[in-house]
Amino acid sequence: MPGGRRCPDCDSTELVEDSHYSQSQLVCSDCGCVITEGVLTTTFADEGHLREVTYSQSTGENEQVSRSQQRRCLRRVRDLCRVLQLPSTFEDTAVAYYQQAYRHSGIRAARLQKKEVLVGCCVLITCRQHNWPLTMGTICTLIYADLDVFSGTYMQIVKLLGLDVPSLCLADLVKTYCSSFRLFQASPSVPAKYVEDKEKMLSRTLQLVELANETWLVTGRHPLPVITAATFLAWQSLQPSGRLTCSLARFCKLANVDLPYPATSRLQELLAVLLQMAEQLAWLQILKLNKRSVVKHIGDLLQHRHTLVRKAFRDGTAEMEACEREVQGQRQGEEEVGDSSLDLPVRKRPASPALLLPPCMLKPPKQLRPTPPVCTVTGDENISDSEIEQYLRTPEEVRDFQRAQAAGQAAKSLPNPL
Amino acid sequence: MDADSDVALDILITNVVCVFRTRCHLNLRKIALEGANVIYKRDVGFLLTEERNIYTFIYTYSNGKIVWYMAERENSKRVGSRHLNCKIHYKGFQVIFTDFKVVNVLAVCNMPFEIRLPEFTKNNRPHASYEPELHPAVCYRIKSLRATLQIFSTGSITVTGPNVKAVATAVEQIYPFVFESRKEIL
């Protein structure tokens, strides 16, 4: 009788230890009441040493449950590749990545939602490595995943497997995205005057996207809104007479495509760039174009775009510098003269033409911190003995810097796998 | 402009995270009841204090570990930590201020030129990661310094590192790489 215990039912002291299917139990031999149960053991080593382990630590959990889950997820990988009509080699690569990821304990123990998102991540990585244009938004729509969860899983898996994932190729994405627009054949929902030739629209859209890339409208931004805006402008410019009255939202509805939220802003930025370029062309200067009428001349502007963009940058920079000098001179003059009796409003910014800079540079952020006073330090002053220590690197810093430089040089000398 | 020429860059430290221990068990419930500006998260097991005058968030754990998230300068960390220690002491706990350590520093630096991110990513592939669909900046990791840099197209760089020296070294190291990918006037 272990420990002087009594049966709670019949108060008997005849308690025996019995193993029921490898699970040890304390049972009352008189009434058969199970008083306590042990822990299931499934590892041979632990059973041999008579030690108990929890089920999650046992080998059975790794083999049985995970295998069925893995098989289901691998099937989903193959189904997703078939839905996207990817070549069979892509399927095998995506499946290999999933199996590789599944060997990591962090992924194996993750929630089912994460494992399902991992399916999309493996397919996306495979497509990117083969320069197949596929966006994260498309994958998230197909697997019904949230973009935040997808992005976290994607970054984790790239780091975990040490993969080199190239950036999305903009030209390929333009071709794929434009092909999804339903404007190339007449249909009951698309009037005949809105139907356009696919090749012409594609080539003009590519030129507009290249222009947007050169003028800092693409860097750091989601590519799809820019492509949507460029496609809309290309479509309008090919037959402006009947299409200038059509808005971006209506265009997307006709083409059976979702309108991304920032597309309207990208459209305005692109039109502003085109207007700047139009000011450099002599025969367009006299026409006094606006954002609506410049669309008719997009063909001419794109033909000479390299020269026009270069001129717009150079002229814009020179004019800005001249205006800044003028304003500084004016301010000095005002300080000397004193208060003016005419009570004119003080101009905070010079009225200069907008520069071809990244849009965030044209609207600088608000300064939260007060600007430090202008200091007259030139860097050539003598350093006092008490401060000299601050300018000398410690041996640890020298070592760290050398190590970091060596790592940088080694990374540079590595051949580019693409 | 030459990459090797002397360029003075201002590195502005915006946030610092530091940790210290009080070497005694803390009754979080008592501190929460008697303290001001505290939120007691019983399910997670910490006390959150917000000190607005010094732009600080303080996470206090019952084992005596205190994590301090503070904006602005690093030098005031020790002063602020001792100040907090005194506050806890006045509530009857025999605290000892030990194991003060700065664990994370966030700094911002502005380059005098814009940076072409796709070109920068292509030239620095293993360390740089650029996903415009997710984030507008390039994420560059320096493993030897345990530092992470977020490089924006405007030339602004946000550096996160274990201490100020690592942050400064990281900026020194990244400068030639971003200089190669700077915007050229056409």
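Helices (H or I, at least four residues) and strands (E, at least two) are taken here as DSSP runs, numbered from the N terminus. The model described is a predicted one. In chain B, read from the N terminus on, the elements follow the order β-α-β-β-β-β-α-β-α-β-β-β-β-α. This amounts to four helices and ten strands in chain B. Chain A, by contrast in its make-up, holds 19 helices and three strands.

Chain A has 418 residues, of which 38% are buried. Chain B has 186 residues, and 46% of these count as buried. Contacts between residues at least 6 apart in sequence were then sorted by their separation along the chain. In chain A, 59% of such contacts join residues at least 24 apart. In chain B, the share of such contacts that join residues at least 24 apart is 58%.

Leu12(B) belongs to strand 1 of chain B, which covers residues 11–21. From Leu12(B) to Cys109(B) the distance is 97 residues in sequence, while their C-alpha atoms are 6.3 Å apart in space. Leu12(B) has a relative accessibility of 39% and therefore counts as partly exposed, because that class lies between the limits of 20% and 50%.

Within chain A, a helix pair was examined. Helix 5 (residues 112–129) and helix 7 (residues 147–161) of chain A have axes that come within 9 Å and cross at roughly 65°. The crossing of helix 5 of chain A with helix 7 of chain A is right-handed. On the side of helix 5 of chain A, the contact is made by Gln113(A), Lys114(A), Val117(A), Leu118(A), Gly120(A), Cys121(A), Leu124(A), Ile125(A) and Arg128(A). Helix 7 of chain A contributes Val149(A), Phe150(A), Thr153(A), Tyr154(A), Gln156(A), Ile157(A) and Val158(A). Sorted by class, the residues in this contact are ten nonpolar, four polar and two charged.

The largest cavity holds about 40 Å³ of space. By class, five lining residues of the largest cavity are nonpolar, two are polar and two are charged.

Asp11(A), a residue other than glycine, has a positive phi near 60°. Asp11(A) is placed in the segment before strand 1 (15–20) of chain A. Its relative accessibility is 48%, so Asp11(A) counts as partly exposed. The C-alpha atom of Asp11(A) is separated by 9.6 Å from that of Asp30(A), which is 19 residues away along the chain.

The other position is Gln85(A), also a residue other than glycine, where phi is positive and near 55°. Gln85(A) sits in the loop between helix 2 (59–83) and helix 3 (88–102) of chain A. With a relative accessibility of 66%, Gln85(A) counts as exposed, because exposed means over 50%.

Definitions and conventions:
Residues numbered from 1 in each chain as written. Chains lettered and ligands numbered in written order. Predicted model: local features only at pLDDT ≥ 70, side-chain atom pairs only at ≥ 80, totals over all residues. Heavy atoms only, no water. 1 Å grid on protein atoms, 1.4 Å probe; cavity = no way out; pocket = protein on both sides within 12 Å on 5 of 7 lines; lining within 4 Å. Points joined across faces, edges and corners; volume = space filled by probe spheres on them. Nonpolar A, V, L, I, M, F, W, Y, C, P; charged D, E, K, R; others polar. Axes fitted to C-alpha atoms, helices over the stretch in contact; angles between N-to-C directions. Left-handed = near helix turned anticlockwise from the far one by under 90°. Contact = heavy atoms within 4.5 Å. Buried < 20%, exposed > 50% of the residue type's maximum accessible area, 1.4 Å probe, protein only.
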